[in-house]
Amino acid sequence: MPDDMKSPPPPDFGYGRRAPAPGLNETEAAITTRRSVRAFLPDKPVDPALITRILDVAARAPSGTNIQPWHVVAVAGEAKHRVSAAVHAAREAGGEPEMGYNYYPVEWFEPYLGRRRKLGWDMYGLLGIGKGEREKTWAQHGRNFDFFDAPVGLFFHMDNRFEIGSFVDMGLFIENVMIAARAHGLDTCPQAAWVDYTDTVRKATGIPDNHVLVCGLCLGYEDTSEPVNELYSEREPATAFTTFLGFDAD
Ligand SMILES: Cc1cc2nc3c(=O)[nH]c(=O)nc-3n(C[C@H](O)[C@H](O)[C@H](O)COP(=O)(O)O)c2cc1C
């Protein structure tokens, strides 16, 4: 490839964490400043008109033959409290998992297991929770079901007659939601944790029984004073996960 066709080296996306790295355009800034925020300002509300706008923008996501499989339930106030309380009660009661689908592999393998462990160690380290501190770990996991204090929660669901392809469509839509939210200074955390309580979420929100709960999402403004929000997850560089074929001039 001629030198003038080569891309400049990528910027260091780790720079600044909350601020975009220098040299990024607006789209790149919105994408690279998205992080999973796990402590929100509970009293800073999100205007419902803004939520609608974000969802309208996100719905420009492509989907196979334009089927647009996505459905969303947005909860705030009393409705959010109701679903949180129902899931906390189900969680405390124990019992069979209410899983709609396997989000994770049944058996873990490398290098993915190592990445997963690192994320966990880094996060619990910031929270001051040590290995084997089961009660604290359980309580922190339970914070998922308060939407980490975000004022708004979203649930993404789709008809269970769809196949794996529609999970791809859902992922594209959900990422769009997170990026569109960033463009308005909002933060998010996608949450598969709710999937373990699919039936309870369905009952509390009116999601039909024949719909798969794909995931939840926190939406709100970051509490920058909380150490957990210092978490910055690493990424492999593109050259490590991409095979370039047919680009060499010689
Ligand atoms: C579909 C999906 C489900 C997730 N579920 C959870 C969850 O239940 N709880 C949580 O704290 N983080 C959850 N995460 C966040 C991941 O841990 C996070 O995206 C990953 O560590 C990379 O960090 P980043 O989002 O800050 O870049 C989920 C992410 C995705 C994409």
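**Figure 1. The largest nonpolar core of the predicted model.** This core holds 40 residues, and those with the most contacts inside it are F156, V177, V201, L217, C218 and L219. A nonpolar core is a set of buried Ala, Val, Leu, Ile, Met, Phe, Trp, Tyr and Cys residues joined through C-beta atoms within 7 Å. Two or more residues each come from α2, α3, β2, α6 (164-182), α7 (198-205) and β4 (211-220). Helix α6 is the element that gives the most, with 7 residues. Helices (H or I, at least four residues) and strands (E, at least two) are DSSP runs numbered from the N terminus. L217 touches L154, F156, I174, V177, T188, C189, P190 and Q191, with residues up to four places away in sequence not counted. Contact here means that the C-beta atoms of two residues, placed from the backbone, lie within 7 Å. Residues are numbered from 1 along each chain as its sequence is written. The model is predicted: local features need pLDDT of at least 70, side-chain atom pairs count only at pLDDT 80 or more, and totals for chains, interfaces and linings use all residues.

Figure 2. M158 lies in strand β2, which covers residues 152-159. M158 counts as buried because it has 20 C-beta neighbours inside 10 Å. The classes are buried for 20 or more other C-beta atoms within 10 Å of the residue's own, exposed for 12 or fewer, and partly exposed in between, with C-beta atoms placed from the backbone. Leaving out residues up to four places away in sequence, M158 touches P69, W70, H71, S166, M170, H211, V212 and V214.

**Figure 3. The shell around the ligand.** The residues around the ligand are R35, S36, R38, L119, N144, C189, P190, Q191, A192, A193, C215 and S233. By type, the shell divides into 6 nonpolar, 4 polar and 2 charged residues. Ala, Val, Leu, Ile, Met, Phe, Trp, Tyr, Cys and Pro count as nonpolar, Asp, Glu, Lys and Arg as charged, and the others, Gly among them, as polar. Strand β3 (residues 187-191) gives the most to the shell, with 3 residues.

**Figure 4. The loop between α2 and β1.** Both T65 and Q68 are found in this loop, which runs between α2 (48-58) and β1 (71-76). T65 is not a glycine but has a positive phi of about 50°. Q68, also not a glycine, has a positive phi of about 50°. Most residues other than glycine have a negative phi, and most peptide bonds are trans. T65 counts as exposed because it has 7 C-beta neighbours inside 10 Å, whereas Q68 is partly exposed, with 15 other C-beta atoms within 10 Å.

**Figure 5. From the α3-α4 loop through helix α4.** P111 is found in the loop between α3 (77-93) and α4, and the peptide bond from E110 to P111 is cis, with omega near 5°. Y103 is found in the loop between α3 and α4 as well. With 13 other C-beta atoms within 10 Å, Y103 is partly exposed. Apart from neighbours within four places in sequence, Y103 is in contact with A192 and V195. Helix α4 (residues 112-126) has 15 residues and reaches 21 Å from its first C-alpha to its last, close to the 21 Å expected at 1.5 Å a residue. The expected span is 1.5 Å times one less than the number of residues. D122 is placed in helix α4 and is partly exposed, with 15 other C-beta atoms within 10 Å. The C-alpha atoms of D122 and L213 are separated by 28 Å, the two residues being 91 apart along the chain. Just after α4, G128 takes a positive phi of about 70°.

Conventions:
Near = placed C-beta within 6 Å.
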